Each structure stands twice: as C-alpha cells, then as structure tokens.
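Please examine the sequence and the structure shown below. The report that accompanies them is arranged by topic.

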Amino acid sequence: MSSATVRSCSNSPGGPVQFALGGEYRRETASYSYDDQVKSGATFLNAIPDFAPPSFAVKEAYGEINLPLLKGTRFAEELSANAAVRVADYKGSAGTVWTWNAGALYAPVRDIKFRVSYAKAVRAPTLSDLYSSPSQNFDILNDPCDINFIKTGRSTRAANCAAAGVPVNFINNAARGGSTEFLSGGNPNLEAETSRSWTYGVILQPSFIPGLAITADYYDIKISNVIAAVGAQTILDACYDAASLDNQFCGLINPRQSSGEFAQTALLQSTVNFAALRAKGIDVDVSYNRRIFADDKIALRFVGTWVRDRTDYPYLDNPGQKERVKGELGDPVYNFNVSADYTHGPVTFGYQLRYIGRQSITDWEAQHETNGVAALDPYYADRVYYPSVVYHALRASVDVDKRFTFYGGVDNLTDKKPPYGQLGVADGAIFDNVGRSMYVGARVKL
C-alpha cells in the first residue's frame, strides 16, 4: 500500500481554513491451503477446499476541507462547514465509485451546538465475499414447502412451492430427520453497495452544570445493493416468499429431487446484493464527570439507542416489498449501557449495567400485523418475545505509581444465561453466552 497527502491552511473570519489532498494505491492478496485430510473432510467432518483468489487492487484520490465561517460573534459563537470527496477505481466488479460528505456545525452560544451532515458512501466486496471457495456445510433447515411451514411465510409461498414441483401437503422427512448438506462460498458477481445517510444532532454542555455533556443524534440511513452473507434458511425463505421463483435467492438453490426433497447438495450459501435496507433512530450519550474533593471524583455515563425503523428490502424483483427487522432477534428497539465510576486517590471502583430490550422469537410478520397484513402464523408459539435482559458488571483498579496499574472485575455478575435456550451465536449473539466471568490484569507504561 502507498499513499500521499498534502495539507495546507489559510485564514477566514472564523479561523484558519484547512484542506488536504491525497492519493492512495492498495493491492491485496490472500490465500490459504489445507492438507489432504482437511480437504477430504476427514478431520472436521466438513470438506474444506483451498482458497486462492485473484489479487485485489484499488487506486484512490481524495480531498477534504474544513471551513470556519464565524467565531465569537453576537449570534454565532461558532459556525463552520466541512466537506470531503473521494474517487476509487477497483479492480473487478465494483469498478469506479465516488463518495462524498458535507456537514455544518452551529453554536449560537457556548452551551449548545447543532450539527448536521450528509454522506454518500460505498463498500466494495472483499476477496472472501467474491471468491471464497465453496465448502461443505450442514445445518438443520426448515423446508418452506413442508406442510409444517408453508403457511408461516408470505402469501406467495404456496404458489411458488407448487411452481417448483413440490407436491401438496408435502412432508420433507429428510430435512425433519437430520441436518441438510449445502455449500458455503463466495459470489464473484457482487457489486459495490452504496449508502446515503443524514445525521442531525445537538450537543449540550451547560455552563451552570460543570462536567455535564449531553449529545443526541438522529440518524436516517439507507443502503442500496447491500452486500450481505445470508444464511441457508434465509435463502430458502426468501426464494419461496418472493413474487415468483425468478429471483437471486432461488438461483442459489439446486433443483429439487422428483420427490420434492432437497438435492444433494441443497444450495449454495453465499453473499448476495440485497435490494436495500433502512435504519432510523436516535443515539444518546450523557456523561457527567466531577471532582468532589481533592482526592475524590465521579464519572457517570449513559449511552443508549432507540430504533425507529429497521427494514430490509431483500427482493430485487420487487424492491418495494418490506421485511421488518426492528424488534426481531438481534435488533431490539431499546438498548443502553449505564456506567458509574468512583475514584478515591489511586483506587477506582466501577459498575456497569447493560440493558437489551425484548425481541421477537421468530420473524416479526409471523406473530404481528405488519404493513396492514394480518399475522401470518399467530399461534407459532405460546411466547411472542424473548424477554428484556439486564447484565451487571463490577470492576476495580489501583494505580501503584505512574507506570503500574492493577485491575480486576466480574462480568455478568448474576450469571444470566441466554433466554429460551438461545446459544448466544448468530443473531442471538446479542446475548452473553459465557456466564459469570472474572478477570485480573496489569497495565505497564514503559
């Protein structure tokens, strides 16, 4: 990798104008190989092939500017604007892409600041996204065309299953009785994903409450052509829930056997370009740091998120078709952390609370009316939500001198397990899967 940057500044009514120009060239290679035992599946039961993709290269040029407009005036304690632009030429399917952003900061008085920004960004697929070698995999999969699941999806599911040649009242005994074999690998046809985002924020630092700082930001993000590694179950559901079988997900599924059961292997679990996703919400950060006495101080902080909207639009053939994500497992509506630290001389004691809001135990549409459509499977289970969860942690540290600090603590103090048999992996990774754990350590400054 090589890069070059030129920086300069000049004066304006608000202070020095700063700008930077630069360029960069990057080339990446990656590979891995296994012995014959691993490649045959004799060790980990799954056959894993070698990975030897072509090189990845990108040439980039960029410019940035920070423009202070006003400072210390009657109606503008501070007013500034900033902008940046970058052009990148990727080797491969991503091609040439442009990104840019612009923003402004306005402080009418010292105690309050308003900020706004707009950004257009891209993310190119990685070597693994594009060229990961198809490897053997297994999982317990629910066949959407099985009589037990054909009514849990969208209204198009039954018609698509029939069009795929699956018999009426079909029972997939093989899928019910054990794991299904499929392949996991890359997708060389991926394109770069693009996003646009608006952020509006306020910063409060009231002079009459020294040590208090409050920030609140509203975000509105839309990502198009989303690069996402989707699971085998998602591929199956998305194929048969689309408007027709002519979609990118069905293209990853091998033709079924004449009996209606999956082929061997059933499908390719891969990375795909989704149509879009949308996220809106508010992030809040409140901190209070104050020295009480000469040797005593406290530090309090609250960091929280409220999700207004999290929606996927995964169907390229029907980009207006929504899949609600807000409130599903892995995406709670409310999520926050609270911490408190008390320091007396060289000793600090701390406490942290982590709150995770309730989440639906299955697809939101199954048990809730969504977008004017009645719940697709209201009797899916006798529970609707994973309950909200609270984790507690304690910590302490001692500064022996300016060079040595000893610390220790306990995470998940109450030894809380993931609810309803969750393992704390995949979407359920939002839950702690270790239980109560303790740690000790030392920091040394040389």
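The sections below treat the basis of the model, a sheet, a surface patch and the disulfides.

## Basis of the model

This is a predicted model, in which local features need pLDDT of at least 70 and side-chain atom pairs count only at pLDDT 80 or more, while totals for chains, interfaces and linings use all residues. Residues are numbered from 1 along each chain as its sequence is written, and side-chain values use heavy atoms, with hydrogens and water left out.

## An open sheet

Strands β7, β8 and β12 form, in that order, an open sheet of three strands with mixed pairing. Strands (E, at least two residues) and helices (H or I, at least four) are DSSP runs, numbered from the N terminus; two strands pair if DSSP finds at least two bridges between them. In general, the strands of a sheet pair through backbone hydrogen bonds, either parallel or antiparallel.

The edge strands, each pairing on one side only, are β7 (135-139) and β12 (268-269). Strand β8 (residues 180-184) pairs with β12 in the parallel sense over two bridges. The bridge partner of L183 in β12 is L268.

## A nonpolar surface patch

Residues F19, L21, I65, L67, L69 and L70 make a nonpolar surface patch of about 450 Å². Patch residues have over 30% relative accessible area and no salt bridge, and nonpolar side chains (Val, Leu, Ile, Met, Phe, Trp, Tyr) are joined within 5 Å. A salt bridge is a side-chain nitrogen of Lys or Arg within 4 Å of a carboxyl oxygen of Asp or Glu. Accessible areas come from the Shrake-Rupley method with a 1.4 Å probe, and for residues only the protein chains shown count as cover.

Two or more residues of the patch come from each of β2 (15-28) and β3 (56-71). Strand β3 gives the most, with four residues. L70 lies in β3 and counts as partly exposed because its relative accessibility is 33% (buried means under 20%, exposed over 50%, partly exposed in between).

## Two disulfides

The whole structure holds two disulfides, each a pair of cysteine sulfur atoms within 2.5 Å. One joins C145 to C161, with an S to S distance of 2.0 Å. C145 lies in the loop between β7 and α3 (157-163) and C161 in helix α3, so this pair ties together parts that are 16 residues apart in sequence. The torsion about this S-S bond is about -85°, so the disulfide is left-handed. Both C145 and C161 are buried.

A disulfide also joins C239 to C250, with an S to S distance of 1.9 Å. The torsion about the S-S bond here is about 90°, so this disulfide is right-handed. Both C239 and C250 are buried.

Technical notes:
Patches are made of residues with over 30% relative accessible area and no salt bridge: like charges are joined within 9 Å, nonpolar side chains (Val, Leu, Ile, Met, Phe, Trp, Tyr) within 5 Å. Buried means under 20% relative accessible area, exposed over 50%, partly exposed in between (1.4 Å probe, protein chains only).
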